[in-house]
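Biologist: Please take me through one part of this model in close detail. Then set that part against the rest of the chain.

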Amino acid sequence: MKRTLLVAFALLLCVLGYAQKTEFRFQDTQARLLDVTSNAYVKPLTVELKVLTDTRVSEIIKLTKQEVELDMKGELSNIRSYAVYRASQMHNCDVIVAATFNIRTAGDGYEVNIIGYPANFVNWKTATQADYEWIKMEKTVTTSEREKISAAIRK
């Protein structure tokens with residue numbers, strides 16, 4: 001009798017245990033996201049270029065294979081920019097105006113022949129109202145993606 005009662009009690013516990021359900025709850029909420037950003041607005045500067053000589057200068061810049069193919073990834077814009085940088089150092093100037101380039105292999109490296117006029121920036125000043133219209137016109141004439149111009153200049 002005790003044995004039957006014990007078996008019945010154990011069977012009852014098994015049935016009740018099997019009938020238990022696992023309950024899972026989940027909640028997700030999202031509000032509108034607005035990232036905080038900071039912008040700086042700077043008044044435009046204007047500057048003049050003073051060409052240092054009436055005659056063009058010519059410099060040959062020698063580059064190693066490592067510099068051109070790995071460091072500059074073989075990109076012509078990088079090679080030209082570096083040549084302008086080196087030539088401007090040689091002539092103690094800010095920029096080489098109207099630069100032309102001839103890039104060729106030379107032995108185990110490359111040579112860049114850069115020809116142009118050395119010039120320095122002079123007369124830096126904050127743009128005036130008279131300059132704004134010229135700046136606005138220059139941006140729309142020289143920018144190939146005119147619809148992406150973000151700055152608006154007001155009178």
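Modeller: Asn-123 sits in strand S4, which covers residues 109-126. Strands here are DSSP runs of E with at least two residues, and helices are runs of H or I with at least four; both are numbered from the N terminus. This is a predicted model, where local features need pLDDT of at least 70, side-chain atom pairs count only at pLDDT 80 or more, and totals for chains, interfaces and linings use all residues. Residues are numbered from 1 along each chain as its sequence is written, and side-chain values use heavy atoms, with hydrogens and water left out.

Look at the backbone of Asn-123. Its phi is positive, about 60°, although Asn-123 is not a glycine. Most residues other than glycine have a negative phi. Asn-123 is partly exposed, at 49% relative accessible area. The cut-offs are under 20% for buried and over 50% for exposed, with partly exposed in between (1.4 Å probe, protein chains only).

Strand S3, residues 95-106, holds Ala-98. Ala-98 is not a glycine either, yet has a positive phi of about 55°. Ala-98 is exposed, with a relative accessible area of 54%.

Now the aromatic rings. The structure has 2 aromatic pairs. In one, the ring centres of Tyr-82 and Tyr-85 are 6.0 Å apart and the planes meet at 35°, so this pair is tilted. Rings of Phe, Tyr and Trp (its six-membered ring) pair if their centres lie within 6.5 Å; planes under 30 degrees apart count as stacked, over 60 as edge-to-face and the rest as tilted. Both tyrosines, Tyr-82 and Tyr-85, belong to helix H3, residues 76-90. They are 3 residues apart there, about one turn of the helix. Tyr-82 is partly exposed at 25% relative accessible area, and Tyr-85 is partly exposed at 44%. Phe-121 and Trp-124 also pair: their ring centres are 5.7 Å apart and their planes lie at 65°, so the pair is edge-to-face. Phe-121 is partly exposed, at 33% relative accessibility. Trp-124 is exposed, at 53%.

Step back to the whole protein. It has 4 helices and 4 strands. From the N terminus, the order is α-β-β-α-α-β-β-α. Of its 155 residues, 17% are buried. The protein exposes about 13500 Å², and carbon and sulfur atoms supply 55% of that area (Shrake-Rupley method, 1.4 Å probe). Among contacts (heavy atoms within 4.5 Å) with a separation of 6 or more, 64% join residues 24 or more positions apart.
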